[in-house]
Amino acid sequence: MRQSPLTGHLIGLHEELSGGLPGAQDATVAAMRQRAIARLTEIGLPKITDEAWRYTNIRAFDKVAFRPTAESNAALTKLDFAALEIPSLNRYRIVVLDGWVSEAHSTLDELPEGLVFNRLKNVLEGSADSETIQILEDRTARAGHGFEALNSAFAADGVVLRLEAGLELDKPLEILHITQNDANSRLANINHCITLEKGAKLNLIERYVSMADTRHMTNVSIRIDLAESAELSHYRIQDESDASMHIGYANARQNSDSCYRIFSISLGSLLDRHEVRQSLEGADAHCEMKGLYIGRGKQHIDNYTTVVHASPDASSDEFYKGILNDRSRAVFHGRIRVDPDAQHTDAHQQNRNLLLSTDAEADTKPQLEIYADDVKCSHGATVGYLEADAIFYLRSRGLSEAEARTILTEAFAAEILDQIELAPVREFLLELVRDKLVGDHNLKEAA
Amino acid sequence: MNTSTAQDISEFVGREYKEGFTTDIESDTFPPGLDEDVVIALSKKKNEPRFMTDWRLKAFARWKKMQEPVWAHVNYTPIDYQSISYYSAPKSDADRPKSLDEVDPKLLETYEKLGIPLSEQKMLAGVAVDAVFDSVSVATTFKKTLADAGVIFCSFSEAVQEYPELVKKYLGSVVPSGDNFFAALNSAVFSDGSFVYIPKGVRCPMELSTYFRINAMNTGQFERTLIVAEEGSYVSYLEGCTAPMRDENQLHAAVVELVAMKDAEIKYSTVQNWYPGDEEGRGGIYNFVTKRGACRGDNAKISWTQVETGSAITWKYPSVMLEGDRSIGEFYSVALTNNYQQADTGTKMVHIGKDTSSTIISKGVSAGKGQNSYRGLVRILKGAANARNYSQCDSLLMGDKCGAHTFPYIEVKNPSAKVEHEATTSRISEDQLFYCKQRGLSEEDSVSMIVNGFCKEVFKELPMEFAVEAQKLLGISLEGAVG
Amino acid sequence: MLSIRNLKVEIGDKKILNGIDLSVNAGEIHAIMGPNGSGKSTLANVITGKMEEDISGTVEYQGYDLLELDPEERAREGIFLAFQHPTEIPGVNNIYLIKAAVNAMRKHRGEAEVDAIDFLKLIRAKMKLLEINESFLYRSVNDGFSGGEKKRNEILQMLMLEPQLALLDETDSGLDIDALKVVSRGVNSLADDGRAIIIVTHFPRILEYIVPDRVHVMLNGKIVHSGDKNTAHDLEKYGYTWVTERINNPTEAVA
């Protein structure tokens, strides 16, 4: 099979750079990286002939000479942190700069007892935590696509976090990923591992920003393990440069009685692919997956989600909504699989798309794969436009057509955002989404 | 579900295949194998004009380069296409019967066993039957009534001889010879089938019906059906399929093409009851079918209704290309899989014209170790302003060893489109069962009633005779049903 | 006709029914009253066979050990339950269900199937009595019915099946006064010397229209008081606390 130019470039780059990556001298780490690059060579980066990528083409980035940067280059230039704050949010913060954890800008000293923090870099250099390396190794072996193999091959840094049993973190933890303004073609491969032991509770904000409209790539894996009765609320806010490529995948495993809530908010990037792979492996586990994506310009947003019900009496509820303008395109893939033993599963899935422009496109693939009989499963998908009746109703109350459209579009988005319990995050996102929508030329033209 | 319920359900769905018998008639059959010579011989045997032979050869050349598709949610041992015989006809071919009286009594007996006695068909109001025994049409009734209306309803072979211009014009115009692996194979080797032509403005005076039947061992059945409805015409076509019991698997790869011109309507109904294999999953038909209709003109309408209860494997996606403005596509389906049956079926609705609309209602019933998948595509192209689609896919699971899957694909490139898809999966509710039992109904009758209720939206789309047969096929007698 | 002795239902540690004794004779109308959660619906579920486990005690019906019979056998022996929440069965015609049920009963009694014309005539007469529109017959069973329509449909089915023992589980709840009168008229038309009717309710109002011979008060899974029709008036006047007090201070019993 012919290798894409980007795949070839990255393989060559690995040969050049792998000697300088953290833990390069460690035989285990080096072997893991070698297997990963071999896997990438074998499967390549995804092509549209792969069923899982049939609507998402990465060819626009084929010629970009993506390149990771050394940690020493990732030192902060001039950065106005105040402008990056989520207003009135009291939180712990870990900053990841161009793919490297920046201890200087993180509030590591404040982290409470019972929250065990480490950097993947230290793990790789010390080989102390073979479990984490095993996770990278396993992922390589099972890599669903080349980006995962790529991530293991270039694995350098990330947050390795463990909440000990019973710890309920008093404030949310924000992992803020920043790509700097001199970062054209920058490649950040990031691996996070978050483990919540029995009964632990965490609000996690996973946020991405770029300091300029550069064409960079973020390739990020987040691995989540929830022990019995653990609770994680996870807010993923992706607002990177409109020229960038963002590939993210969360693999979450849930034990019995645990609860996982994820809000996946996609606002930035030229190409955003976000995968959530949820595995419910204990009775009475519950997961909620909520998503909101807003496409403008030529943005391409692909949400690819899988929920596997592997144990009985678990429930999942998935609801993704998207607003598409200009020439943007959204893809939604949602699969619910119910294994034979997973009786009494309650699994539901919805995807709704609003097309605002004649050049926008939505492709949606909600799927049910069910092998147990005593289950309640449903899915639904809609693609449509603003209801003429609703617009008329608002106009009859004296609003202009443009105002009516704005109100209805915001209301469409708010149905997801209103479910966010953390008030500062909710308000921040409502504002951010409003800006994106108002900045939208079609709405402006109509005004 | 308590054990007695589970048992009753398994009894209900576990009825034996009643159409399993073979008719002992000498056949004129090709030896197994497929190459260009077989294609040429087949064409020659049927005395086809040059354009047909060429068309078949072109299809065969394409097929040789194609791969068997693997994307469907089905598993089967690979088919050896060289071990199949590509032609089988009743021996008396040279001396075709002129009327029913001349038909081999054994054939008639076969039809009697199938419950479609031709002698009685004549008396059945408005149903003409073109019976396909293995591959060659042997009896056609009601020809005169149809001829008076200007309707052409004949075997495909006859159409090639009598109406070559029509065949040349429309054959492959909806399903090109290289459309997919099985369609290409069919195009190369199809033996016979039905041809229907409804002239402009004619409402076909009766429902047209064909029964297909696979009889001889190791013969693949490759029929080809072509229906052309000219401007402002209407036809309702019924297709019933059944096959005798065999231990080994038999291949059935049919192609159906429908062409509906401006203001025309075609209603195509199928009750498919091919041999599903035994309780261990041995034998059964591989039913790999390509069905597609084109709404060529404005306001055209094509409606597919199918009840799929047979076959070891069903692979079929009756589709509609909505080319004309305001054209309408419909797909109503019931698919039941039991024992080791696998079904991967659904539809494609491609919206091309403005104000086009489509409706998809799919009901899947899975029992035993059956696997039932709905796979559908709704594609709204850029020019299809104000296109509408509504899809509803419901699955009913009976027992904990079966599977029900839903794989819709929705692609929308026009912002004025409105597409809605809903799907649910559940089993028969305990409350519904208890309610019926409290009214004195046995468990089995209660289950039958609820399953029939589940499928009702589809059954009501079938012509009366077929609806009754379909309900019977689900193992249910709706004796004295009112309303 | 019906004789219940020391009936108990325990699910886990929870006692739902705590030793019920009840005798109902042919020709009698009984009312069982009690607040929500007192065990009334459980009693109906035990009698009709919806609940088959965790039961002790005996239920005898016309010489049968009722607990040994399947739900449909009980139905065919003449036990009818008007459900509190009638189940929706999409796609199944109302008239088809009723006819299938009537024929199941007839078959059980060794009778031929009902003649289609007689059936239609009879059901139309019953519908007139219950002020039900003809379109009712051709809709799916309870599917999309309003609360009141569902309740009327239950009574229509009851009149068509002519049970020996009819249980009405909160048939009055959610009915306005006019509908209540209509439903009561239907129930009264069934009552005769050969049948028994048990009305389960927590409002005394329905008992103004269907006059009971006996009224039983249920609390916490037990019948704590049985009296004549005046019991209902007392309950209306004093509420269920009156019964509680009466148990605590038997000497100050009212009436």
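**Chain contacts and sheets in a predicted model**

Let me begin with the contact between chains B and C, which takes 22 residues from chain B and 27 residues from chain C, where two residues count as in contact if their C-beta atoms, placed from the backbone, lie within 7 Å. On the side of chain B that touches chain C, the elements that give two or more residues are helix 10 (430–438) and helix 11 (443–459) of chain B, and helix 11 provides the largest share, eight residues. Helices here are DSSP runs of H or I with at least four residues, strands are runs of E with at least two, and both are numbered from the N terminus.

Residues are numbered from 1 along each chain as its sequence is written, and chains are lettered from A and ligands numbered from 1 in the order in which they are written.

Staying with chain C, six strands form an open sheet in the order 6-9-10-3-11-12, with mixed pairing; two strands pair if DSSP finds at least two bridges between them. Strand 6 (79–82) and strand 12 (222–227) of chain C are the edge strands, each pairing on one side only. Within this sheet, strand 9 (residues 165–169) and strand 10 (residues 196–201) of chain C pair in the parallel sense over five bridges, and C:D169 has C:V200 in strand 10 as its bridge partner.

Now to the other contact of chain B, which takes 28 residues from chain B and 31 residues from chain A. Here the elements of chain B that give two or more residues are strand 21 (388–398), strand 22 (403–412) and strand 23 (418–427). Strand 23 of chain B pairs with strand 19 (residues 376–384) of chain A in the antiparallel sense over seven bridges, and A:S378 stands opposite B:T424.

Which strands does strand 11 of chain A run parallel to? Eight bridges join strand 11 to strand 9 (residues 231–239) of chain A, with A:H234 opposite A:I262, and eight bridges join strand 11 to strand 13 (residues 286–295) of chain A, with A:I265 opposite A:L292. Strand 11 (residues 259–266) of chain A is mostly covered, as six of its eight residues are buried, meaning that 20 or more other C-beta atoms lie within 10 Å of the residue's own, with C-beta atoms placed from the backbone.

How values were computed: Predicted model: local features only at pLDDT ≥ 70, side-chain atom pairs only at ≥ 80, totals over all residues. Buried ≥ 20, exposed ≤ 12 C-beta atoms within 10 Å, placed from the backbone.
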